[in-house]
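User: Could you walk me through reading the interior of this model?

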Amino acid sequence: MKYINNITWALILCMGLVVSCKDDDEPGTSEALTLDKTEITMGPEGGTERVQVTSNLSWVSSVSGPWVSVSPANGIGSAECILSVDSTLENTSRTLEIKYAPQGQQPQTLTVTQFGFGKQILIKDPEVELESSANYDDRYFDVTISTNVELKIDMDNIDYSFAEGEPSAEDEEEANSQKTGWIELEGSNTPVVDLDRKARPRTVKVRFRWDMNTIAYTRVAKVSLVPLHPEEDQLVDNDGNPIEKVTLTVTQEAAPKITDDRAGDSLAIIMICEKIQSMVSYDPSENMRNWDGVTLWERTDDFPEGMDKEAAIGRVRSVNFMGFDIKEGEDFPREIRYLKYLEGLYIQSNTNRQSREMHFGEDICDLKYLKNLNITSYGLVDLPENIQNLKSLESLVLSSNNFASLADLTAVINKDNFPNLKMLDLSGCRRSDAFIDLSATSDNTYNGVPLGLCINIGKVGTVNPERQALIDLLSWDNLTSFGLSYGYIEGELPSDEEMVAALGAKAHYSESDFFEGGAAATDWEYKISKDTCQWLLSDDRPITNALSSNVRGTDVPRVLPFARVFSINLNFLTGPMPNWIMFHPYFVEWNPSSMVLNQQEKGKNSDGVIVGFDNISPYDFNYSYYYGKDRPDMSDPSTYENVAYPLYYFRYVALDEDASE
C-alpha cells in the first residue's frame, strides 16, 4: 500500500509539472513580446520615435496606414525600431495601429496618433460602459487623452441623466438621490501636459473612480474636457469645425430592482454579501428560511408596536454579515435600507479594521424597527449622522472599532436619544494590541497610527469632557449591560461624591428600586430584590473592609442600579476603587476579578506610572465584606455582622435551594 501511495504522489507531481509547462507555453502570454510604450503622439510636422521590442522569438510588424514606416519591420529577439512619421497638411488628427506579432503568439499593439495643425483634445475611448457593482479595488477606469493644448476636466458641471429618461413618480425620490456624484476624478482636474512650448502634442492618462449603482436605472454621466485657456485655444473636431469641448460619456448599468417583498429581501442580502466580499454567500435557489445567519418573522412572534404583522410575516427579522472586506472610503451598501422589517442587524469582522478609518452611511437610520444593532470590528471612527433616529434600539454593540473620543460618542449615544437602550458595549476600541506604555507617545499614536479610544479622564474632582462623558454614561439608569473594557482609558474613576452630584435626586437607592415576593417579569429586569439587598436602604449597619470604613447602605451611590454586566478591565486606570462599584448589588455578577479590578498588565499611563487601582488587588481580593464567610442565621444579626448582603452567601457559596432570593 505504501508503494502504491508513492506512485500516486509521483504521478500527481508529474501532472503538476505538465500543467505548469502547458501554462507557460500558452499562446498570447505577455512574456512572448513586450514593447516599452503602447501610445505615441506626434505633431503635424512628423518625425521619428524609438520603440524597444523585447522578445525571445522571431517577430514581424504590420502597419495599418501608409504615413508611418517601421525599421526594422521584423527580427529575431530584441531590437530597437525606428518609427518614421510623415508630416501632415491636415487640420485634424489621424490614428493608426502597429502590431508586433511574435511567432505563434498574440500580437502587441502600438497606437500612433498624429495631430493636425488645429487645436484638439482626443479621447482614445470616449464611450465607457460600467457594470452596476464591483469590488472596491476594481471600481475605476483609466482614460487616455492626447492633446496639443492645456486642458481642464470639468468635474463641476457633469451632465448626469438616466438612459431610461425621468424616473417614475414611485422611484423619483430614491433615483434622484443617486443620480449625481457617482464618479470622481483621482488627482487634479488640470492634468500636467508638457507641450514642449506647444510644438508637440502629448498623451496623458487620468483615472476615475465610481460608486456602485443601487437603483434600477441606467446612469449616464457626460464629462466635458475643455481648453484651460479658451481665449487662446480654439478647439476643432475631426472635420475641422470649431467646438467648445470634448465629451467623455460614462454609462453604468442599472442595478436589479429590489421589490418590497420577501424576494426583495433575499436579493438585498445577496447583493450586500457580494458588494462587501463577505465570506458567507447564499444560494438564491434555496429557501431563505434555511440561510445561516438569517431569521424570518413567524406568525407566533411578538411583533413590535406599529408593525404590520401580516406584511412582516416571512420577511427578514435579523441578519448577520461577517468576515468581509469593505475598504476605507466605502459606506455599507445602501441595500440594507430595503430590509425594512429588520429587528436585529449584526455586522462583524472587517479585514484590517485597525488600519482603516471607516464610516457607515445613513441608510441604516431608516430601519425604524431595529432593536439590536451590532457593528463589531468594523473600523468605525464616527457614527451615522442620524443614528439617533433608531429610537427602538435596546442593544447597541460597537466594540473593537476605532473611535478616538468618548465625549464625541456620548454627544450622540445618550439616554435622551436612546430611551429604550439597555445594553451598550464600547469595549476593545484599540488600534494597536502591542502598545502598553502611554508615556512613550505624546500624540496618542503608535507608528504613526492613532491608538484608538485613548483618553485621559483625569483625577477625582477634575473637569474635562472625557470625564464628564463617562459620568453621563454611568448615570444612565436603564442600562443593564455596559462594557468599556480593553481601551486606552487612563485616569481615576469618578468618586462616590462625583456620582452623587451627577445623579441629583436619584443619588441613592429608594423603596421604588426594589421588588418583593410575587414580582412581575419586568421587576426582575428593572428592580432589585428587597430581601437580599435591603442593606442599601439602611443606615444602622455600617460595613468596614480593607477599602472603606463605616460604609452605610444609604451612602452607596445609585450608579447603574440594575446593571447585570459591567466591565472596565484592561485599561490604564489608577487611583482608588469607589464604593459605587464595591457595594453594587450586582457586583459579584460582574466577575470583578477579571472584568473590573485588573488593568493592563505591565501598562504605564502617560506619567510613566504602572497602572492599577491603588487600594485593591485583583489577585488577593475576597468577598467577606460582601456576602460573608459563614452561613448566616437571619434571626441572629451577629452571624452576619459587617456583611452587606448576607443572603448572597446562599447563592454564591452554599447554593441553598431553600434560601430566599
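**Inside the fold**

Analyst: Gladly! This is a predicted model, where local features need pLDDT of at least 70 and side-chain atom pairs count only at pLDDT 80 or more, while totals for chains, interfaces and linings use all residues. Residues are numbered from 1 along each chain as its sequence is written, and side-chain values use heavy atoms, leaving out hydrogens and water.

User: How many residues does the largest nonpolar core have?

Analyst: A nonpolar core is a set of buried Ala, Val, Leu, Ile, Met, Phe, Trp, Tyr and Cys residues joined through side-chain atoms within 4.5 Å; buried means under 20% relative accessible area (1.4 Å probe, protein chains only). Here the largest one has 104 residues, and Ile269 and Phe321 have the most contacts inside it. A second, separate core of 29 residues includes Ile145, Ile183, Val223 and Leu235.

User: Which residues does Phe321 touch?

Analyst: Contact means heavy atoms within 4.5 Å. Leaving aside residues up to four places away in sequence, the partners of Phe321 include Ile269, Cys273, Phe332 and Tyr346. Cys273 is itself buried, at 8% relative accessible area.

User: How many disulfides are there?

Analyst: A disulfide is a covalent bond between the sulfur atoms of two cysteines. The rule asks for a pair of cysteine sulfur atoms within 2.5 Å, and the count is zero. Cys533 is buried too, with a relative accessible area of 1%.

User: Which residues line the largest cavity?

Analyst: On a 1 Å grid over the protein atoms alone, a cavity is a set of points where a 1.4 Å probe fits but cannot get out, and lining residues have an atom within 4 Å of a point. For the largest cavity these are Leu470, Leu484, Ile489, Leu493, Ile568, Asn571 and Leu573.

Definitions and conventions. Buried < 20%, exposed > 50% of the residue type's maximum accessible area, 1.4 Å probe, protein only. 1 Å grid on protein atoms, 1.4 Å probe; cavity = no way out; pocket = protein on both sides within 12 Å on 5 of 7 lines; lining within 4 Å.
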